[in-house]
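Subject: Structure handover

Hello,

Here is the structure for you to look through. My notes follow below it.

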Amino acid sequence: VRAIHERYLTQCPTSIRPRLERLSNRLNGAQAAQARGSPEALATASSDLLVLRQSAFILAENCSNYADLFEHVGFVVGEELDTVASA
């Protein structure tokens, strides 16, 4: 439980927040490419949107898995569970 908290729920590069920020940057790039309207830009935007969709799905699944884990074995961290689970 603590390892998942440290790796995915803190401010380290592998955590959820930096991943969301990278997805946001990619979305901004896709929107800018669509605005340009050239065939190459639209192709780039299309592929970026596909990656964003897949990434968002995976991120949501991971968050669901973390919630299940905290629900089932969170008791091992005792009083720290609220702090760990709501990081």
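Is Asp48 buried or exposed? Asp48 counts as buried, because its relative accessibility is 14%. Buried means under 20% relative accessible area, exposed means over 50%, and partly exposed lies in between (1.4 Å probe, protein chains only).

Some ground rules. This is a predicted model, where local features need pLDDT of at least 70 and side-chain atom pairs count only at pLDDT 80 or more, while totals for chains, interfaces and linings use all residues. Residues are numbered from 1 along each chain as its sequence is written, and side-chain values use heavy atoms, with hydrogens and water left out.

The salt bridge

Asp48 has a partner. Its side chain meets that of Arg26 in a salt bridge, at 3.2 Å from N to O. The term means a side-chain nitrogen of Lys or Arg within 4 Å of a carboxyl oxygen of Asp or Glu. Asp48 sits in helix H3 and Arg26 in helix H2, so the pair links distant parts of the chain, 22 residues apart. Arg26 counts as partly exposed, because its relative accessibility is 35%. A search of the whole structure finds one salt bridge.

Helix H3

Helices are DSSP runs of H or I with at least four residues, numbered from the N terminus. Buried residues in H3 include Ala41, Ala45 and Leu52.

The core

The largest nonpolar core has eight residues: Tyr8, Leu9, Ile16, Leu23, Leu52, Leu59, Tyr66 and Phe70. H3 gives the largest share, four residues. Such a core is a set of buried Ala, Val, Leu, Ile, Met, Phe, Trp, Tyr and Cys residues joined through side-chain atoms within 4.5 Å. Leu23 touches Leu52, Ser55, Ala56 and Leu59, not counting residues up to four places away in sequence. Contact means heavy atoms within 4.5 Å.

Two loops

Ser15 is in the loop between helix H1 (2–8) and H2. Ser15 counts as buried, because its relative accessibility is 0%. Leaving aside neighbours within four places in sequence, Ser15 contacts Arg7, Tyr8, Leu9 and Thr10.

Val76 lies in the loop between helix H3 (39–73) and helix H4 (81–85). Val76 counts as exposed, because its relative accessibility is 51%.

Best wishes
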